[in-house]
Amino acid sequence: MQEFLIPAKPDLQGARESWLKMLARERRLSPETVEAYERDTRQFLHFLTGHCGGSPGISDIADLRPADLRGFLAARRAGGAGARTLGRGLAGIRSLLRFLERRGLVNAAGAAALRAPRQPKSLPKPLTASDAKHVVSVEGQLAEEPWIAARNAAVLTLLYGSGLRISEALGLSGADLSSPDETVLRVTGKGGKTRLVPVLPIGLRAIAEYRRLCPYHLDPKGLLFRGARGGPLNPAIVQRDMAKLRSALNLPDTATPHALRHSFATHLLGRGGDLRTIQELLGHASLSTTQIYTGVDTARLLEVYEAAHPRA
């Protein structure tokens, strides 16, 4: 990790370094998350230096009050930080304080009592039905190799036609959908939860065409979708090809592979789909997660109304 000047006394510096190593080694947080927590807590120590009139040590944070943390959040907000950034920063500070509390060094009650900033509700941004059809068609793919174009079309068709996450689609094995009689796919999603999703005829045809053109042997026990050299297909490759596709089709930056999953849910709901059924198809643990798509549908209805109604 890049070295920075940390405005803290040696005891707090050492404890913080131990905490960061614990996050990476024992908690196995991603390097990006650990880096963000390092940055957030470093900013907090900079704030405390001015707040306390000198570099803070463990004794200075032993009994932090909610008011101290509110002061930090207010300073960050004044600097332009949004609610998500503030929420992550508070989460990092809480984690550090709990780490120190388990060692009997501080009392983390003040941080636990502070409510995190309210997060803005951002609606998913689906593609239109017409754009989605262009994106998933094999004719619309930009790859020069026919088998790679067929592969991309098959992956994207599963995202839009069956509502799969990209990790779920790329996790399919060679044994999945190997027969034209298979119309239902068993998918293991987040938390190891398994669900059944139907596969449209167009999806079955796209997968069959990919199988026919793929130059590699698709072992039933191996992965279905392969990279250019025959190894596992990396999600970043799909995202990169999607970026080229949306540029060619003049689509917004929000037209990502995951937006096809949003489109699946939004278009089903717009055609009268049952919310509970859509929840099952998406593999959401809570119906409240699926209900966000009702906001998308309502927003689109209002947009059409305001554009078309003569008195709007």
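**Close-up views of a predicted model**

View 1. Glu-139 counts as exposed because its relative accessibility is 68% (exposed is over 50% relative accessible area, buried under 20%, partly exposed in between; 1.4 Å probe, protein chains only). The loop between helix H6 (129-136) and helix H7 (146-162) holds Glu-139 (helices are DSSP runs of H or I, at least four residues, and strands are runs of E, at least two, numbered from the N terminus). This is a predicted model, in which local features need pLDDT of at least 70, side-chain atom pairs count only at pLDDT 80 or more, and totals for chains, interfaces and linings use all residues. Residues are numbered from 1 along each chain as its sequence is written, and side-chain values use heavy atoms, without hydrogens and water.

**View 2. Packing of H7 against H11.** The axes of H7 and helix H11 (residues 257-270) are 6 Å apart, at an angle of about 30° (axes are lines fitted to C-alpha atoms, for helices over the stretch in contact; angles run from 0 to 180 degrees between N-to-C directions). Residues in the contact include Leu-156 and Tyr-160 of H7, and Leu-260 and Phe-264 of H11 (contact means heavy atoms within 4.5 Å).

View 3. Arg-165 is buried, at 10% relative accessible area, whereas Lys-190 is exposed, at 64%. Arg-165 lies in the loop between H7 and helix H8 (166-170), and Lys-190 in the loop between strand E1 (184-188) and strand E2 (194-198). Beyond four places in sequence, Lys-190 touches Arg-165 and Glu-168.
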